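Here is a short report on one protein chain. Keep the picture beside the text as you read.

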Amino acid sequence: MPGAEVPGIHMNKKRRRLTGGIKQGKDPRQLSREQVSGMLDSQGVVLIRGFEFDLDSFEAFTAAQCNDFHQVGTRVKLKAGEGDGYSTEVHRQNFTLLSHSEGTYRPWPPAPELCFFYCVKPPTVKGGETSLVDGVRFLEAMPEHLLELFMQSDITYEMYWKPERWQAEFLVENTSDLDELLKKYSCLEYRFKGEDLALRYTTAAIKQTRTGKPAFANALLAHLPRITHPAYQQNNVYTKSSNHVYFENGEEIPNDIINLLIDVQDKLLYLHQWRANDLLVFDNTRFMHGRRMTETNCERVLLSRFGSPGAGNTG
């Protein structure tokens with residue numbers, strides 16, 4: 001429906017772009033939670049363009065959609081100076097990050113259902129897009145042997161965190177409280193090295209979306225120790241040497257499997273080119289997101305929030 005004057009968007013499968021959207025004359029701040037939820041249930045993504053936002057109005061819009069907000073463990077130092085404490089800047093460093101669903105590499109707190117990104121300052125050079133991949137279509141596009149692998153086996157995320165990281169992830173202050181929390185989850189294996197945490201979390205790679213559809217929506221491609229795919233050798237791609245992902249039998253997922261997953265990702269990738277005041281909302285249970293490097297270093301300022309309808313943690 002290119003050019004349709006309706007407050008919803010979908011991804012054009014052939015051109016991999018967003019069509020439709022909430023446009024000038026339809027104030028997004030007057031949309032009910034039910035209206036936004038309906039758009040997301042249908043399309044998975046909503047783009048709001050052509051309105052002036054600031055931190056207060058960004059937070060007000062998201063608070064109308066969610067009661068429960070999510071702390072991002074990797075962004076404690078990037079919290080907005082004002083506001084309610086749940087808005088964080090996206091990292092300003094220039095790197096590529098492969099597709100992932102937010103917060104799906106550990107069991108608690110639960111991963112958020114919705115992601116909100118607001119563009120304060122778009123990049124002034126080529127690149128810097130936020131990438132989106134539909135996990136429902138990802139599942140449909142996977143080669144049969146690859147699909148069978150992930151249907152037959154869960155995956156295990158392995159990580160090693162200093163206190164600053166696990167405190168931010170699990171919202172506890174000491175190892176005693178952390179031990180009390182983690183031992184509740186049979187899907188976890190963990191040990192302490194002093195105050196450092198070595199953690200393994202086993203879960204499904206294929207999960208149900210908020211509307212009940214199966215989707216390949218997880219954090220696998222953003223949780224790797226290295227990237228060997230030829231298309232990414234000239235990129236500064238995020239990896240971390242202590243991150244690993246295994247099949248549930250203990251075999252580390254090999255590079256050839258990772259590269260096949262990256263091939264599927266790249267076939268489905270939508271790259272959102274930011275304009276100032278764009279507000280992008282998407283279903284974290286269905287869409288994986290990432291980012292692309294800019295051609296040269298330049299300022300790129302995005303604010304993000306992650307949340308779910310629920311009992312609430314902001315009041």
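This is a predicted model: local features need pLDDT of at least 70, side-chain atom pairs count only at pLDDT 80 or more; totals for chains, interfaces and linings use all residues.

Residues are numbered from 1 along each chain as its sequence is written, and side-chain values use heavy atoms, with hydrogens and water left out.

**Overall build**

The protein has seven helices and 18 strands. Helices (H or I, at least four residues) and strands (E, at least two) are DSSP runs, numbered from the N terminus. Of its 315 residues, 51% count as buried. Buried means under 20% relative accessible area, exposed means over 50%, and partly exposed lies in between (1.4 Å probe, protein chains only). The accessible surface comes to about 14,400 Å². Carbon and sulfur atoms hold 47% of that surface. These areas come from the Shrake-Rupley method with a 1.4 Å probe; for residues, only the protein chains shown count as cover.

Now take contacts, meaning heavy atoms within 4.5 Å. Among contacts with a separation of 6 or more, 78% join residues 24 or more positions apart.

In soluble globular proteins, nonpolar side chains tend to be buried together. A nonpolar core here is a set of buried Ala, Val, Leu, Ile, Met, Phe, Trp, Tyr and Cys residues joined through side-chain atoms within 4.5 Å. The largest one has 46 residues. Phe 138, Phe 150, Phe 170 and Phe 216 are among those with the most contacts inside it. Helix H7 (residues 255–268) gives the most to this core, with six residues. A second, separate core has 20 residues, including Leu 40 and Phe 58.

Phe 170 has partners beyond four places away in sequence, among them Arg 106, Trp 108, Trp 161 and Leu 178.

Two strands pair if DSSP finds at least two bridges between them.

Strand E9 (residues 155–161) pairs with E14 over four bridges. Ile 155 has Phe 247 in E14 as its bridge partner, and Thr 156 stands opposite Tyr 246. Both faces of E14 are covered. His 244 and Tyr 246 are buried on one side, Val 245 and Phe 247 on the other.

Ser 101 sits in the loop between strand E6 (97–100) and strand E7 (114–121). Its C-alpha atom is 9.8 Å from that of Leu 221, 120 residues apart along the chain. Ser 101 also touches residues including Ala 217, Asn 284 and Met 288.

A disulfide is a pair of cysteine sulfur atoms within 2.5 Å. By this rule the count is zero. For Cys 66, the nearest cysteine sulfur is that of Cys 115, 9.6 Å away.

| Residue | Relative accessible area | Class |
|---|---|---|
| Ser 101 | 1% | buried |
| Cys 66 | 2% | buried |
| Cys 187 | 26% | partly exposed |
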